[in-house]
Amino acid sequence: MMMSNKPDDNQIIDWLESVRPTPGAEFYQKAAHQPWAAGEHPPRKAGFFPRRVAAIAGLALLLVVVISLTSPSLEVLAQRWLQFFLPKTSDQTTVQIPISEISDPAGRFTLTIAEAEALAGFTARVPAELPSDFRFSGAAYEAERGAIVLNYMTQSGGVLRIIQSRAVEEYQQIGASAEVEMVSVGGLSGEYLRGAWVIPEVKSALDTPAKTTLPLQATWNPAANSQMLRWQSGEMLFEIIVAGGVENQPGYLDKEDLIALAEQMH
Amino acid sequence: MTSPSSCSSEEIISLRSTAAFNALYRRTHQTVFRYIYGLGAGSTQDAEDLTAETYIRAWQARRRFRGDAQAALGWLLRIARNLVFDRFRWQKRQPKNDTIETHILHDPAASPEAHAMYTQQVRLLWQQLNQLDRTQREILVLRYILGFQVRAIGEYLEIKENTVSVKIRRALEKLRQDWPNDDEQQTG
């Protein structure tokens, strides 16, 4: 007997949208030798892992994890009463991350702001003035969240990301020990915290083929050099993540700096 | 022609300098790679080779390019499309792709069984895409893998928005209708 188990349009679309092919490490190694890449840094030799690269990769991984751990769940109601964050019951979690996002953390920021806006269907807010030392390095569109992500970096490896979406019913998952502080962003209620999900085995993960997606254990570290501010304006949800700066050095942003940055976005 | 990804700057860019071309490459290579892969160019390695070839050809022709950032992306995609279709002509049939499972985003909370089932369905879908005509497939790739809006697809392919919508609907309908039943999936 012929069985009927045909998918509907939504399933097909869901499957199509889950396909996110990414070139592998070999592609990038070859690209580094193309004539238009002249003057760029040579590709990393196999097995050579300078500390700065490790720090940046680790930092980026930390940010990737933070960004990927969003949840539309309403479990938050059963836990601490927070508007934008969802504390988990422990400081441990498992995340699935494409290795390409670790080995080439800035690789996904390939769009202009206008291109990301076209994909998202809304106009992005940008800072009227960037913090000193930060420069725009590219934008990305996250189809899963319908979010525009703007990426800014400093020469010393500091990273600033501004994420905006219409997904107001979305919570950022944080560790049980995270301490969230209520703040005011231009008269709107916002939430600020310090800390991040950290993946200890980032270096060994880089040894795996770039095309794979690995389940990795992440631990919430409240002392991690990462801060996050979330707030809502109208139907839009905003999030600023800053990480990697050194306190009292150029390019470092503290809580007040983040709020000031948020208030001058338009 | 008006390119995909509308709304970006209409400022005319020059690709004569190495830095300008490199910036274009960095901004667009992921999109071009996904487009090529989605059109069914074969394995990841095949798509990487064709992506590299796309930029080599664009590099050689960069002095003749004139347009804004949007037009540059459209220009690259057209080069890529020609390369993919040239390859089809020479190979006479759709190349085999056995790497799709490495490019699927999974729900981290899914069980291993659900994960495997999802992978199987996407693999099957990828095979079924070969049943579509080129334009249908290309439109699905632009819409759902590259995330272009219908209007942007119409501008890129130089067809009306309404036509794009109709083609999307028909392509999904064909995929549904031609979807193998469970018996065929097991034996196929």
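Me: In this predicted model, how many residues does the contact take from chain B and from chain A, and which helix of chain B gives the most?
Reply: The contact takes 49 residues from chain B and 47 residues from chain A. On the side of chain B that touches chain A, H1 (18-38), H2 (44-61), H4, H5, H7 and H8 (182-187) each supply at least two residues. By class, that side of chain B has 23 nonpolar, 19 polar and seven charged residues. The helix of chain B that gives the most, with 13 residues, is H1(B).

Me: Where around the axis of H1(A) do the buried residues of this helix lie, and which helices of chain B do they pack against?
Reply: In helix H1 of chain A, residues 9-17, the buried residues are A:Ile12, A:Trp15 and A:Leu16. Because they cover an arc of only 100° around the axis, they lie on the same side of H1(A). The helices of chain B that these buried residues pack against are H4 (112-128), H5 (134-145) and H7 (161-178).

Me: What is the orientation of H6(B) and H7(B) to each other?
Reply: Helix H6 of chain B, residues 150-157, packs with H7(B) at an angle of about 105°, and their axes are 8 Å apart. B:Val150, B:Arg151, B:Ile153 and B:Gly154 of H6(B) meet B:Glu161, B:Val164 and B:Ser165 of H7(B), a contact that has, by class, three nonpolar, two polar and two charged residues. Since angles of 65 to 115 degrees count as such, H6(B) and H7(B) are therefore roughly perpendicular.

Terms used:
Residues are numbered from 1 along each chain as its sequence is written. Chains are lettered from A and ligands numbered from 1 in the order in which they are written. This is a predicted model: local features need pLDDT of at least 70, side-chain atom pairs count only at pLDDT 80 or more; totals for chains, interfaces and linings use all residues. A residue is buried if 20 or more other C-beta atoms lie within 10 Å of its own, exposed if 12 or fewer, and partly exposed in between; C-beta atoms are placed from the backbone. Helices (H or I, at least four residues) and strands (E, at least two) are DSSP runs, numbered from the N terminus. The arc is that of the directions from the helix axis to the C-beta atoms. Two residues are in contact if their C-beta atoms, placed from the backbone, lie within 7 Å. Ala, Val, Leu, Ile, Met, Phe, Trp, Tyr, Cys and Pro count as nonpolar, Asp, Glu, Lys and Arg as charged, and the others, Gly among them, as polar. Axes are lines fitted to C-alpha atoms, for helices over the stretch in contact, and angles run from 0 to 180 degrees between N-to-C directions. Angles under 35 degrees count as roughly parallel, over 145 as roughly antiparallel, 65 to 115 as roughly perpendicular and the rest as oblique.
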